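Consult the sequence and the coordinates while working through each solution.

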Amino acid sequence: MKKIKFFVSALLITAMSMSIISCSSSKEGKDNSSKKELDSSVREEIHQNAENTDLLTGELENKKIKWLSDWDINPDGTGKNVPTELAVFQERYGGEIEYYRTTFENRYDDLAKYISSGEGIDFFYAGNFDAFPKGAIRDMFVPVDDYIDFSSPLWEDIRDINDSLMWNGKHYMVGVEATGDKVAVVYNRKTIAEAGLDDPKDLYDSGNWNWDTFTDMLENFCDPENQRYGIDGWWFEFGLLDTTGASPVALEDGKLINNLSDPSIERAENLLYDLYQNNCIAIGAGDFGWETKPSYIGEGKTLFYPVGLYEFYQEKEKWTQKFGEDVFFVPMPKDPESDEYYIPTGLNSYVFVNGGQNPEGVAKFLECKRFTLLDEKTKEVGDQQFRDDFGWTDEMLEMKDELLRLASENPMVDLSTGVSDDCGEVLDNGMRVAARGTPWNETYESINSVIDKFIEEINSKEK
């Protein structure tokens with residue numbers, strides 16, 4: 001069985017997705033004037049692949065599924081084309097996704113209103129890791145076991161992951177794919193070369209990309225008084241913590257446990273503290289201020305910007321304008337004392353909404369997503385979309401696949417805000433402050449007993 005670790009860490013998820021939507025909640029309108037459509041030859045290829053497979057079976061009587069989110073699965077204004085899995089759903093089952101627009105901040109309030117009104121929202125995104133287990137406890141989401149067979153050929157290679165996220169013996173969150181794009185180290189190769197440093201990609205390829213080389217590069221580069229900054233962004237603290245293979249709260253055998261006393265966490269927190277002491281953290285340093293400045297990567301002022309690859313899921317003009325023409329990305333550096341190479345892991349995952357009218361349709365759509373990952377011809381269509389829509393190079397696609405490999409081999413899934421909002425907030429605030437100059441032992445003493453109480457409360461609600 002594949003080695004799996006599921007952890008509950010404290011990364012508060014910001015409003016991230018392939019498309020950031022700031023409008024108020026409303027059903028999506030019908031104006032498709034600025035939205036892309038697949039080339040007819042590509043759609044025909046997808047149609048043939050979906051029809052000539054034994055992985056997709058049956059038919060779908062109710063072809064519409066209702067999706068509530070702050071981002072649309074359908075094409076939108078970011079330059080995104082019809083996603084491959086949606087095209088498969090359309091071609092194989094005649095499926096349609098009706099989009100209900102909300103904002104990241106209001107999505108749970110809007111979901112509760114739709115559930116109460118009987119609107120019949122069918123599915124909801126769980127990849128922000130704040131839906132589970134609290135959504136199951138509150139009866140907002142329902143088990144999926146009657147609709148998805150995790151022992152089937154479509155699901156068997158991700159069954160272990162889904163089985164590890166069961167609550168009260170049932171599957172609530174459907175993990176389609178472990179992803180490595182949650183946090184990567186973004187940098188500019190021109191900046192690296194001009195500073196006389198080794199390219200992180202070369203260090204990674206040679207097996208030397210780790211905390212030590214990461215720290216050495218920062219210490220050689222940083223000089224805040226001369227506008228040479230180290231690490232920018234809000235993702236790096238937990239990005240580094242996750243590389244230890246340990247996290248504040250662990251989910252083991254369906255129970256939550258307090259993991260704050262793990263020595264690996266102490267090592268990571270001490271690293272963050274040392275980086276702060278050595279002026280390697282940009283936020284708050286010199287005249288940098290307290291807002292992120294991703295454009296400094298392209299301007300040669302900042303060395304590293306750990307962030308999700310969603311920054312690159314848009315037209316090339318947009319991401320090069322932000323990070324410069326010579327931008328690239330690598331995994332978070334390996335913990336040199338860890339037994340495996342752990343990176344922050346995303347889980348492309350969904351939940352079925354209580355009161356949904358078409359769970360069979362959602363199951364078929366998620367099967368289409370699995371198909372796009374397993375069918376080589378269809379996967380190549382998806383890769384080509386990255387080239388055509390987002391301007392990615394083959395080297396970028398290869399690194400994205402490498403991130404996926406690392407994440408799949410040793411998944412690290414963060415669920416802190418899925419425990420409770422209060423637990424997530426305490427951990428988020430507490431685990432970050434070493435990067436602001438507070439020693440870890442002080443934080444541990446102040447939050448450990450608090451986390452114990454949160455965990456006891458959640459575990460007591462198991463039926």
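**Exercise 1.** How are α1 and α14 oriented to each other, roughly parallel or roughly antiparallel?

*Solution.* The structure is a predicted model.

Step 1. Helix α1 spans residues 40–51 and helix α14 spans residues 376–390. Their packing angle is about 155°, and the axes lie 9 Å apart.

Step 2. Angles over 145 degrees count as roughly antiparallel. α1 and α14 are therefore roughly antiparallel to each other.

Step 3. The handedness of the crossing of α1 and α14 is left-handed.

Step 4. On the α1 side, the contact is made by Val42, Glu45, Ile46 and Asn49; α14 contributes Lys377, Thr378 and Val381. Sorted by class, the contact of α1 with α14 comprises 3 nonpolar, 2 polar and 2 charged residues.

**Exercise 2.** Determine how α1 and α2 are oriented to each other, and describe the contact of α1 with α2.

*Solution.* Step 1. Helix α2 covers residues 84–93. It packs with α1 at an angle of about 65°, the axes being 9 Å apart.

Step 1. The range from 65 to 115 degrees counts as roughly perpendicular. Therefore α1 and α2 are roughly perpendicular to each other.

Step 2. The crossing of α1 and α2 is right-handed.

Step 3. From α1, the residues Arg43, Ile46, His47, Ala50 and Glu51 meet Thr84, Ala87, Val88, Gln90, Glu91 and Arg92 of α2. The contact of α1 with α2 divides by class into 4 nonpolar, 3 polar and 4 charged residues.

Terms used. Residues are numbered from 1 along each chain as its sequence is written. This is a predicted model: local features need pLDDT of at least 70, side-chain atom pairs count only at pLDDT 80 or more; totals for chains, interfaces and linings use all residues. Side-chain values use heavy atoms; hydrogens and water are left out. Axes are lines fitted to C-alpha atoms, for helices over the stretch in contact, and angles run from 0 to 180 degrees between N-to-C directions. Helices (H or I, at least four residues) and strands (E, at least two) are DSSP runs, numbered from the N terminus. Angles under 35 degrees count as roughly parallel, over 145 as roughly antiparallel, 65 to 115 as roughly perpendicular and the rest as oblique. A crossing is left-handed if the near helix is turned anticlockwise from the far one by less than a right angle, and right-handed if clockwise. Contact means heavy atoms within 4.5 Å. Ala, Val, Leu, Ile, Met, Phe, Trp, Tyr, Cys and Pro count as nonpolar, Asp, Glu, Lys and Arg as charged, and the others, Gly among them, as polar.
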